[in-house]
Amino acid sequence: MKNMLVTGGCGFIGSNFIRYLLRESNFSGNIINVDKLTYAGNPENLSDLENEFQDRYTFLKADLCDPDKIAQIFDRYSIDTICHFAAESHVDRSIVEPDAFIQSNIIGTFNLLECCRKNRDQIELFHHVSTDEVFGSLGKDGLFTETTPYSPNNPYSASKAASDHMVRAYHKTYGLPVTISNCSNNYGPYQFPEKLLPLMILNGLEEKALPVYGDGKNVRDWLYVRDHCSAVWLIMRKGKRGDTYNIGGNNEIENIKIVEMICDILDEIRKLEGIKSRKELIAFVKDRPGHDKRYAIDFSKLRHELDWMPEESFASGLRRTIEWYLDNTSWVNRVKSGEYQSWVESHYR
Ligand code: NAD
Ligand code: TDX
């Protein structure tokens, strides 16, 4: 693995992954980060690494839906390894405007796979980062395993399911060395504030309403983003080619419980004006259409075969995440104001 193409490296998990690879892992090759810089992609997420690792890290603004540009990048940088994060990732947006999800998640993945097929001899690995949402929704009991049938319920998860199938098909049909991971909900630094945790943290800080969908009893299995990154890197190194691995946190929590935990921590570290507790800001709102009730991951394959376990507890990870948002107000303000988008326009045409 000399020249690794990381797609979507300016997003939440991709930027944490590049930071993890460069600062914490034994990876010694080059990273070529290709990102379209949608509203969710922010090159500032990695600005501290650009100088420090200038000999090993390159950022290129490009859209996976532009096959010629992607082919040029494969040639110019002699790409031998791919870690594919790039995607439209927000379920609510996929319900309102599914088109971008079909383009980036399905066509974008297909274009990448085609580049790999054309450069088959030099490709060591294509790792595809996917989600537990492809399995649909669980009832009260049970866990998703690697053999759970796919049953996606929203345009986002359906587009991710399609991309998973294409990756698998390129392994079976063309012998492309692939690995796939299906991970549960991530949280941590640099997450765009449309997702549950950062939205509630930032609204709570500003003493704005905290919109909880439906009865708030939907369950997600939360994993600190660094643990996801360590799992992906382990699978890339040691995972069986052609196999899928589930990644989870063993950490099922109802949405309403998380929102209450965030309120308690914020109340403790930021004094309130006017109200007694931020819990008074919780507003139960109309449910998300097709809202999956419960996700929970069985990651025993990853634990037994590759000896992986999550390291961060939810209590400490949540506190660290809240502190990160408190300590990075300029990042928050720029992301929320869209100021960084005009900066992106002028810097990366
Ligand atoms: P994100 O929205 O924060 O980042 C996605 C990145 O991809 C952005 O930087 C965006 O600019 C880039 N991108 C989008 N379309 C592109 C295109 N056509 N060409 C090039 N770049 C493009 O998403 P995230 O939360 O970091 O998720 C990353 C990956 O992990 C996704 O594939 C997602 O399905 C998967 N995943 C996310 C979670 C989670 O909880 N966030 C959980 C499991 C799996
Ligand atoms: O305002 C909100 N109120 C609310 O109740 C938001 C934004 C969300 N929710 C609920 C919906 C979900 O049950 O919180 C839960 C988490 O919502 P999101 O943060 O939107 O995540 P989710 O829909 O579970 O999907 C996430 O995990 C799987 C990521 O966005 C996906 O990219 C990943 O694949």
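**Entry 1: H1 and H8.** I started with helix H1 (residues 12-23) and helix H8 (residues 225-238), which pack at an angle of about 65 degrees with their axes 9 Å apart. My helices (H or I, at least four residues) and strands (E, at least two) are DSSP runs, numbered from the N terminus. Axes are lines fitted to C-alpha atoms, for helices over the stretch in contact, and angles run from 0 to 180 degrees between N-to-C directions. The angle makes H1 roughly perpendicular to H8; angles under 35 degrees count as roughly parallel, over 145 as roughly antiparallel, 65 to 115 as roughly perpendicular and the rest as oblique. On the H1 side the contact (heavy atoms within 4.5 Å) includes Phe 12, Phe 17 and Tyr 20, and on the H8 side Val 232, Trp 233 and Met 236 are among the residues. By class I get 10 nonpolar, three polar and one charged for the contact of H1 with H8. Here Ala, Val, Leu, Ile, Met, Phe, Trp, Tyr, Cys and Pro count as nonpolar, Asp, Glu, Lys and Arg as charged, and the others, Gly among them, as polar.

**Entry 2: ground rules.** I reminded myself that this is a predicted model, where local features need pLDDT of at least 70, side-chain atom pairs count only at pLDDT 80 or more, and totals for chains, interfaces and linings use all residues. Residues are numbered from 1 along each chain as its sequence is written, chains are lettered from A and ligands numbered from 1 in the order in which they are written, and side-chain values use heavy atoms, with hydrogens and water left out.

**Entry 3: H5 and H6.** Next I took helix H5 (residues 99-118) and helix H6 (residues 155-174), whose axes come within 8 Å and cross at roughly 15 degrees. That makes H5 roughly parallel to H6. H5 passes H6 in a right-handed crossing. From H5 I listed Phe 101, Phe 110 and Arg 117 among the contact residues, and from H6 Met 166, Tyr 170 and Tyr 174 are included. The contact of H5 with H6 splits into 10 nonpolar, four polar and three charged residues.

**Entry 4: H7 and H9.** How do helix H7 (residues 196-205) and helix H9 (residues 255-269) meet, and at what angle do their axes cross? The axes come within 10 Å and cross at roughly 40 degrees, which makes H7 oblique to H9. This crossing is right-handed.

Entry 5: Seven strands form an open sheet with parallel pairing, in the order S3-S2-S1-S4-S5-S6-S11; two strands pair if DSSP finds at least two bridges between them. The edges are strand S3 (57-61) and strand S11 (244-247), each pairing on one side only. Neighbouring strands of this sheet are turned by 20 degrees against each other on average, direction ignored. I zoomed in on S4 (residues 81-84) and S5 (residues 125-131), which run parallel and are joined by four bridges. There His 84 stands opposite His 128 in S5.

Terms used:
A crossing is left-handed if the near helix is turned anticlockwise from the far one by less than a right angle, and right-handed if clockwise.
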